[in-house]
Structures are given as structure tokens and as C-alpha cells.
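New page in my notebook. I want to look up a few spots on this one and jot down what I find.

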Amino acid sequence: MTDMSISFAGVRLKNPLIAASGCFGFGREYGEYFDISRLGGISVKGLTLKPRHGNKPPRIAETPCGCLNSVGLQNPGVEAFMTDELPFLRTKDVVVIANISGDTAQEYGDIAGILGDAPDMLEVNISCPNVKAGGLAFGADPAQAALVTELVKKNASVPVCVKLSPNVTDIAAVARACEQAGADALSLINTLLGMRIDIETGRPILPREIGGLSGPAVFPVAVGCVWRVKQAVKIPICGMGGVTSGRDLIEMIMAGACTVGMGTALLADPYAPLKALHQAHEWCQGRGVEKITDIVN
């Protein structure tokens with residue numbers, strides 16, 4: 001039997017597969033299909049300081065090999081997560097990763113302070129627009145990414161993983177800035193920017209016009225980004241973006257990932273992560289791999 005357990009920034013996971021933020025909610029719905037303790041970890045729905053209703057529908061548009069979303073970070077807020085959602089997750093034997101977002105750098109730090117050591121890890125979404133910088137995403141500028149990382153680390157009681165956007169000129173430069181600012185790990189990629197137009201109306205399908213592209217279409221981009229970032233930093237990486245199968249999981253690890261996130265595939269098949277883990281284990285078994293860590297680049 002291949003040992004599928006892995007250590008990610010000092011946090012032990014029974015296997016490398018993590019349910020990516022935004023596609024798994026807080027685990028309750030998927031818990032009706034399978035025991036979510038079978039996953040390595042769960043990155044919960046993105047949390048903000050105050051509750052958010054998100055954008056008006058339609059918020060999803062189908063695309064070839066994926067979908068566009070413009071949900072707008074709908075969530076109950078960090079306080080409600082602590083009281084209403086985290087107790088349920090703590091009844092499961094699974095690593096809990098709190099994904100956090102803010103309108104200002106200080107908000108990120110404040111959320112980290114509120115969460116304390118309640119989750120096992122923080123995942124910092126720096127694809128959010130900095131309202132004090134004219135809406136420029138924190139992750140688009142290495143200096144801004146470093147600022148957010150420093151503030152979160154200052155207030156965090158658990159390891160900090162920074163989630164990088166592919167919508168930048170040099171993702172490796174942003175990765176290095178986050179590492180130098182104290183990040184314990186990185187996760188990548190977040191969604192690519194895209195648009196669909198209704199040719200009958202001539203208008204964008206999404207009211208917000210631009211959405212985030214995810215799904216199998218972005219997998220080669222994600223693998224390439226993980227490979228580039230792995231050459232630039234020494235901290236561990238969670239690779240994600242278009243992962244749908246066990247072969248994808250193995251490929252992402254070979255590109256340099258320590259753990260692997262699965263998101264959009266869950267929307268089409270709630271059993272996708274279990275299938276991927278089974279396929280990855282069979283692949284390892286067939287090649288005499290004793291530990292999944294043996295194939296980490």
C-alpha cells in the first residue's frame with residue numbers, strides 16, 4: 001500500500017487532496033454524499049470580515065471545458081463561520097483551511113486575528129481588489145502581496161498559505177515576495193479572467209461582465225505556473241486549477257506541488273475527489289511507489 005500522507009507547511013494531511021475554496025462550501029452538502037474525513041483537507045468558502053451577499057445572478061456561465069463565475073465572495077462572515085460552521089467541521093477528521101479575503105490589507109490581518117488557532121491553516125486570497133489602491137488586486141503587485149502576507153503573519157496563530165493569481169505579468173516575482181514576507185506556503189492558481197457574450201442580446205452573460213475561468217481548460221496553465229513558482233521559492237506549494245482526475249493529481253505533484261486542490265470538478269461530480277484519490281493510489285501502486293512524497297519534484 002502506498003503511503004498517501006503528506007506534510008504541508010508542518011500540517012499533516014492523510015492524503016494530498018484538498019477541496020478547493022469556493023466549490024465545497026463548508027462541507028455540509030458534500031457530507032451527504034460521502035464522509036468528508038476521507039479528504040486530506042478542506043479549504044472553506046472564502047471568508048470576509050463582515051457577511052457578503054455576493055453579486056446578483058446569473059453568476060455562473062458555462063464555457064468549453066469549464067465555467068466562468070462571478071459569485072462575489074458570498075459568505076456569512078468570519079464570526080458566523082466560527083460559531084456556525086467550524087464546530088461541524090471539527091467533528092470530522094480532516095484538515096480545515098480558512099480562506100480569507102479583505103478590501104484592505106488591514107482587514108486580512110484582522111480576520112487572521114479573529115480566527116486565531118481555530119483552523120489548521122489560513123489560505124490568503126490576494127486576488128481581491130485593494131479598495132484603497134483604486135481597485136488594483138493585491139496579488140498583481142509583489143509589494144502589495146508582501147504587505148498582506150506580513151500583516152496576516154503578524155496576527156496568525158497557524159501556518160499561512162498565500163493563494164496566487166495567474167492574472168499577473170510574473171507570478172514567480174509575486175511568489176518570491178510572499179515567501180520573503182514570511183508565507184509558510186503558496187497555493188496556485190486562482191481563476192483566469194474571461195468573458196462570455198450572449199450573441200442574441202450582444203451583452204455579456206454575467207452582469208459583472210468579467211468572471212473567473214476555472215475547470216479543465218486552465219489545467220495546463222496551472223501546471224506551468226506551479227512549475228515556474230517551484231523553481232523560484234523553497235516553501236511548499238498547493239497546486240490547483242482544472243484538476244479532475246488521479247492522473248492530474250500526479251501530474252501536478254510532478255510539477256512541484258506538495259498538495260493538490262480540486263474545485264470545479266466537484267460541481268459536476270461530488271465523488272470526483274474520491275475517484276481521483278483512488279486513481280492516484282492505483283497509479284502509485286502499479287509503479288511501486290511506497291510514499292506519495294517520493295514523486296514530489
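This is a predicted model: local features need pLDDT of at least 70, side-chain atom pairs count only at pLDDT 80 or more; totals for chains, interfaces and linings use all residues.

**A patch on the surface**

I started on the outside: a nonpolar surface patch is made of Leu193, Met195, Ile197 and Ile210, which together have about 370 Å² of accessible area. Patch residues need over 30% relative accessible area and no salt bridge, with like charges joined within 9 Å and nonpolar side chains (Val, Leu, Ile, Met, Phe, Trp, Tyr) within 5 Å. A salt bridge would be a side-chain nitrogen of Lys or Arg within 4 Å of a carboxyl oxygen of Asp or Glu. Areas are from the Shrake-Rupley method with a 1.4 Å probe, and for residues only the protein chains shown count as cover.

Residues are numbered from 1 along each chain as its sequence is written, and side-chain values use heavy atoms, leaving out hydrogens and water.

I checked Leu193, which sits in strand E11 (residues 192-194). Strands (E, at least two residues) and helices (H or I, at least four) are DSSP runs numbered from the N terminus. Leu193 has a relative accessible area of 60%, so it is exposed; the cut-offs are over 50% for exposed, under 20% for buried and partly exposed in between.

**Ser245**

Next I found Ser245 in the loop between strand E15 (237-240) and helix H6 (246-255). Ser245 counts as buried because its relative accessibility is 17%. A polar atom of its side chain lies 3.2 Å from the backbone nitrogen of Asp248. Setting aside neighbours within four places in sequence, I see Ser245 in contact (heavy atoms within 4.5 Å) with Met262, Ala276 and Gln279.

**Ring pairs**

How many aromatic pairs does the structure hold? I get 5. Phe26 and Phe81 make a tilted one, 5.7 Å centre to centre with 35° between the planes. Rings of Phe, Tyr and Trp (its six-membered ring) pair if their centres lie within 6.5 Å; planes under 30 degrees apart are stacked, over 60 edge-to-face, the rest tilted. Phe26 is in the loop between strand E3 (17-19) and strand E4 (41-43), Phe81 in helix H1 (residues 78-89), 55 residues apart. Both are buried.

Phe34 and Tyr271 are also tilted, because their planes are at 45°, with centres 6.5 Å apart. They lie 237 residues apart in the chain. Phe34 is buried at 6% relative accessible area, whereas Tyr271 is partly exposed at 36%. Ring pairs join Tyr33, Phe34 and Tyr271 into a cluster.

Methods
Buried means under 20% relative accessible area, exposed over 50%, partly exposed in between (1.4 Å probe, protein chains only). A polar contact is a pair of N or O atoms within 3.5 Å; within protein, one must be able to donate a hydrogen and the other to accept it, and residues adjacent in sequence count only if both atoms are side-chain atoms.
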